[in-house]
Amino acid sequence: MKPGIHPAYGPVVFRDRAAGHAFLTRSTMTGDKSIEWEDGNTYPVVDVEISNVSHPFYTGTARVLDTAGRVERFERRYGKGR
């Protein structure tokens, strides 16, 4: 890799504001704020709207669409195909 053209890659805390959950990982993102982590070190923090802790797909609260009912309703309205 060429030196001087890549962003800095280091530890960052991502904080899910909706769920109150935070996790430490490595990223090129940086934040204006910082937070003291469990290990006593201070890291930049990036606030995110949603993460795996609060996303409906991962939490199991996702709605399942009734596609069979929609097809039957369409066929009732417009008739079956030829």
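Select Asp 47 and Lys 33. Their side chains meet in a salt bridge, 3.1 Å from N to O. The term covers a side-chain nitrogen of Lys or Arg within 4 Å of a carboxyl oxygen of Asp or Glu. Asp 47 sits in strand β4 and Lys 33 in strand β3, 14 residues apart, and the pair links distant parts of the chain. Helices (H or I, at least four residues) and strands (E, at least two) are DSSP runs, numbered from the N terminus.

A note on what is on screen. This is a predicted model, where local features need pLDDT of at least 70 and side-chain atom pairs count only at pLDDT 80 or more, while totals for chains, interfaces and linings use all residues. Residues are numbered from 1 along each chain as its sequence is written, and side-chain values use heavy atoms, with hydrogens and water left out.

Show Arg 15, Lys 33 and Asp 47 together: they are linked in a network of salt bridges. The whole structure holds 2 salt bridges. How exposed is Asp 47? Asp 47 is partly exposed, at 31% relative accessible area. The scale runs from buried (under 20% relative accessible area) through partly exposed to exposed (over 50%), with a 1.4 Å probe and protein chains only.

Next, display β3 and β4 as a cartoon. They run antiparallel and are joined by 4 bridges; strands pair if DSSP finds at least two bridges between them. Pick Ser 34: its bridge partner in β4 is Pro 44. Then go to the hairpin, which has 5 residues between the strands. Gly 40 takes a positive phi there, near 90°.

Move to Asp 16, in strand β1. Show the contacts (heavy atoms within 4.5 Å). Leaving out residues up to four places away in sequence, Asp 16 touches His 21, Val 48, Glu 49, Ile 50, Ser 51, Val 53 and Ser 54.

Now the rings. Phe, Tyr and Trp (its six-membered ring) pair if their centres lie within 6.5 Å; planes under 30 degrees apart count as stacked, over 60 as edge-to-face and the rest as tilted. That rule gives 2 aromatic pairs. Select Phe 14 and Phe 23: the pair is stacked, 5.9 Å centre to centre, with 25° between the planes. Phe 14 is buried at 11% relative accessibility, while Phe 23 is partly exposed at 32%. Select Phe 74 and Tyr 78: this pair is tilted, 5.0 Å centre to centre and 50° between the planes. Both lie in helix α2 (residues 67–78), 4 residues apart, about one turn of the helix. Tyr 78 is exposed, at 59%.

Finally, zoom out and colour by pLDDT, the predictor's confidence in each residue, from 0 to 100. The average is 83, and 82% of the residues score at least 70. Strand β3 (residues 33–36) is highest at a mean of 93, and helix α1 (residues 56–59) lowest at 60. Along the sequence the pattern reads β-β-β-β-α-α. Of the 82 residues, 13% are buried.
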